[in-house]
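Subject: Structure handover and findings

Hello,

Here is the structure for you to look over. My notes come after it.

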Amino acid sequence: MNKLRLFLMLRRNMKLSNRRHPMFEQNKVAVVFTIIGVAFMSIYLIAIGTMLGWGGRGGDEGLIFAMMPMFLVFDFFMRFGGQQLPSLMIKPYLLMPIRRSDITDCFIVMSMLSSFNLLWLLLLVPYFFIVCCGGLPFSVTVAMLLVCEWLIVINALWYMLVRTLINQSMWWVTLPVAVYALPLSPMLFLGAEKGFEALIEFCYDNAFSTVAIAVYAIATAALFAVNSRLQKKLATAEVAAEEKKDFQNTSQMAFLDRYGLTGEYLKLELKSAIRNKAIRQRYVQGLVLITLLSAMLAFTDVYDRRFAVNMWCLYCFVFFGAVNLVKIMAPEGNYIDLMLTHKENILEILKAKYYFFCAVLVIPTLLLLPPVFSGRFSILMLLAYLLITMGLEHFLLFQLAVYNKTALPLNEKVTSKGNFENSLQLVIELVVFFVPVALAITLTTIFGENIGYTILIALGLAFTLTHNIWLRNIYRRFMTRRYENIEGFHATR
């Protein structure tokens, strides 16, 4: 089988796999929301491309290359939202009589030709259409367009390498930090404004030169070769059980014994967060993200509007819950039959999860103290979002325990395929991120900040103090649907 036939076969298999996924039928509403989101994003990209085109026509056609570094950084972080790594996709084919290097290369090429890489054409095509109408020769226009799209493909290979390394160790986060900090180093010597201008001018003058084209070719070949070798090695090691196991020394946590069965499930939550690589990475990533946001809010004026300040404050508090609780009971779906062997086991699990995620809120509370000291946040605002998250937000997220019925492998990544199994998950995610902010802005506008945040504190306290009541209500509704949920868990193990 030649590589072209192998590529076409693998591409067809991937499409069939997506359609045969157990959540394909349940994801219809999520797909509709995704299409709407992509449509709005497309409008923004077309508008940005059009505005840049009018600014670049008539002699400043290289403007797009001055803007490409910012677009590439944004594209890099956007890919963390769902692009899968080849090492996750090639494992089913490793036992087939096909060269592993051919399989790996085909999946890497598939990632390079992904429709995600074509999304930026919505910005690039309007830009180059306008500058072409403004006098740029057609051949040069096409060449510049292809080079810009080539940079997007190189960025896809760069993301693939970084994400693979980060999955092995979070210390690899320093690699993209160092790479992105290096071009900004002139700011240390010339000042922030002059250094940034020097970077923009360098890209404007040199990004479409012969030397630059040679550098792009070398970067593409190097990244492809490194990714091919790394993806094949990791997939083979995992299938052959050669991956080094790093066992964590966890104590018996005897201090939780006094809480009975709830304490035992609290131990389970703690040990899962410590021992499970995927879950541990979620908390590490959240810690890094909240720290960066806290520093930006405390020491810069990037987010100085009231909506942005409220939004990011809430986001820091709700991050851990929104990432993990959207799939509540899904990990337990792997052994749900055992959980149902004793009366009210599920209720104790829900209580343990609630207490655990309330305790986790200590992390964002401490990390957000610098914005409080700098005057960006008030103490009332911090307490309001802390208690709203502890009460109302958790109340909403825990409702999904009744309706989630797809088992989640314990090593599943947050951004894996089929992240939303039903429309309610998507709706609740949107509500927990935006409704409290809208409510806070409305109340503080009408009553002033002190009274407005006090009302939010009272609302959060009401849900927090009554958690036993609504957790038992969730438990009863879960038990009413238990046979339907068990059937779903069994079908997706």
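Below is what was found, from the whole chain down to single residues.

**Ground rules**

This is a predicted model: local features need pLDDT of at least 70, side-chain atom pairs count only at pLDDT 80 or more, and totals for chains, interfaces and linings use all residues. Residues are numbered from 1 along each chain as its sequence is written, and side-chain values use heavy atoms, with hydrogens and water left out.

**Whole chain**

The chain has 25 helices and 0 strands. Both are DSSP runs, numbered from the N terminus: helices are H or I with at least four residues, strands E with at least two. Of the 493 residues, 45% are buried. Buried means under 20% relative accessible area, exposed over 50%, and partly exposed in between (1.4 Å probe, protein chains only). The accessible surface is about 25,400 Å², and carbon and sulfur atoms hold 69% of it. Accessible areas come from the Shrake-Rupley method with a 1.4 Å probe; for residues, only the protein chains shown count as cover.

Contact means heavy atoms within 4.5 Å. Take the contacts between residues at least 6 apart in sequence: 81% of them join residues at least 24 apart.

**Helix α7 and its cysteines**

Helix α7 covers residues 121-133. Its 13 residues should span 18 Å, and the end C-alpha atoms are 18 Å apart, which agrees. The expected span is 1.5 Å times one less than the number of residues. L123, L124, P126, Y127, F128, I130 and V131 are buried in α7. Just after the helix, G135 takes a positive phi of about 125 degrees.

C133 lies in α7 and is exposed, at 53% relative accessibility. Its C-alpha atom is 9.2 Å from that of G58, which is 75 residues away along the chain. C132 is partly exposed at 25%. A disulfide is a pair of cysteine sulfur atoms within 2.5 Å. By this rule the count is 0 disulfides. C148 is buried, with 0% relative accessibility.

**Helix α14**

Helix α14 runs over residues 277-299. Its 23 residues should span 33 Å, and that agrees with the 33 Å between its end C-alpha atoms. Buried here are A278, I279, Q281, R282, Y283, G286, I290, L293, S294, L297 and A298. Their cover includes α8 (138-168), α13 (260-275), α15, α17 (345-360), α18 (362-367) and α19 (369-373).

M329 is not a glycine, yet has a positive phi of about 75 degrees. Most residues other than glycine have a negative phi. M329 sits in the loop between α15 (306-325) and α16 (336-339). It is buried, with a relative accessible area of 1%.

**Salt bridges**

The whole structure holds 5 salt bridges. The rule is a side-chain nitrogen of Lys or Arg within 4 Å of a carboxyl oxygen of Asp or Glu.

- E264 pairs with K267, with the closest N and O atoms 3.4 Å apart. The two are 3 residues apart in helix α13, about one helical turn. E264 is partly exposed at 39%; K267 is buried at 10%.
- K353 meets E332 at 3.0 Å, N to O. K353 is in α17 and E332 in the loop between α15 and α16, so the pair ties together parts 21 residues apart in sequence. Both K353 and E332 are buried.
- K405 meets E484 at 3.1 Å, N to O. K405 is in the loop between α21 (400-403) and α22 (423-447), and E484 is in helix α25 (residues 482-491), so this pair ties together parts 79 residues apart in sequence. K405 is partly exposed at 22%, and E484 is partly exposed at 38%.

Salt bridges that share partners also join E269, E332 and K353 into one network.

**Surface patch**

I36, F40, I43, Y44, I48 and M51 form a nonpolar surface patch, with about 650 Å² of accessible area together. Patches are made of residues with over 30% relative accessible area and no salt bridge; like charges are joined within 9 Å, and nonpolar side chains (Val, Leu, Ile, Met, Phe, Trp, Tyr) within 5 Å. Y44 is in helix α2 (residues 28-56) and is exposed, at 58% relative accessibility.

Best wishes
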